[in-house]
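The following note sets out points for a colleague's review. Please read the points alongside the coordinates.

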Amino acid sequence: KLAQAAMTTSYATVYTTPTTVRTFVKDLDIINTTSAIVHIYVSLVPYGGTAGTSNALFYYNALPAYTTVQWSGAQLLNEGDFISVKASAVGCTITISGAEAI
C-alpha cells in the first residue's frame, strides 16, 4: 500500500514519490460511505505541477452512495511527482496500491 486517506473538499496530496525513487501505481480503491452521490477527483501530478484537468485520472466522476470504484492500470511516477485527491463532500476514502523502485 502506498497511501490511504480520507478525501476532503480541497485538493490534498496523499502520496509523493521520494527522492531517487520511481513509483508504480497499480490500483486505486475509492469508497463513498455516505448516503449521497459524491464527485471525486484524482490527479497524478508531475513535480512542480498543480492538480487539475491536465493531469486528472478521475475528474468530477460521480460515485453513488455506499459504493466503491476501483481503478487498475499502470502509471509511473518520477521523483517528486505526487497524487492529489479531493471530493465534493466528506465521506470518501482512497487506498492507493503499487510499489517503489530505485
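Leaving aside its neighbours within four places in sequence, with which residues is Ile83 in contact?

1. Basis. This is a predicted model, in which local features need pLDDT of at least 70 and side-chain atom pairs count only at pLDDT 80 or more, while totals for chains, interfaces and linings use all residues. Residues are numbered from 1 along each chain as its sequence is written, and side-chain values use heavy atoms, with hydrogens and water left out.

2. Ile83. Beyond its neighbours within four places in sequence, Ile83 is in contact (heavy atoms within 4.5 Å) with Ala12, Thr13, Val14, Tyr15, Val25, Val42, Ser43, Leu44, Leu77 and Ile96. Tyr15 is also the bridge partner of Ile83 in strand 7.

3. Nonpolar core. A nonpolar core is a set of buried Ala, Val, Leu, Ile, Met, Phe, Trp, Tyr and Cys residues joined through side-chain atoms within 4.5 Å; buried means under 20% relative accessible area, exposed over 50% and partly exposed in between, with a 1.4 Å probe and protein chains only. The largest such core has 22 residues, and Ile30, Ile83 and Ile94 have the most contacts inside it. Among the elements giving two or more residues to this core are strand 3 (22-32), strand 7 (82-87) and strand 8 (92-101). Strand 4 gives the most, with 4 residues. Strands here are DSSP runs of E, at least two residues long, numbered from the N terminus.

4. Strand 7. Because 5 of its 6 residues are buried, strand 7 is largely enclosed by the rest of the structure. Two strands pair if DSSP finds at least two bridges between them. Strand 7 pairs antiparallel with strand 2 (residues 12-16) over 4 bridges, and 6 bridges join it to strand 4, also in the antiparallel sense.

5. Tyr41. The bridge partner of Tyr41 in strand 7 is Lys86. The charged end of Lys86 sits over the Tyr41 ring, 4.8 Å from its centre; the criterion is NZ of Lys or CZ of Arg within 6 Å of the ring centre and within 35 degrees of the ring normal. Tyr41 counts as buried, at 11% relative accessibility.

6. Aromatic pairs. The structure holds 3 aromatic pairs, defined by ring centres within 6.5 Å, with planes under 30 degrees apart stacked, over 60 edge-to-face and the rest tilted. The rings of Tyr41 and Tyr59 are edge-to-face, with centres 5.0 Å apart and planes at 90 degrees. Tyr41 lies in strand 4 and Tyr59 in strand 5, so this pair ties together parts 18 residues apart in sequence.

Key:
Rings of Phe, Tyr and Trp (its six-membered ring) pair if their centres lie within 6.5 Å; planes under 30 degrees apart count as stacked, over 60 as edge-to-face and the rest as tilted.
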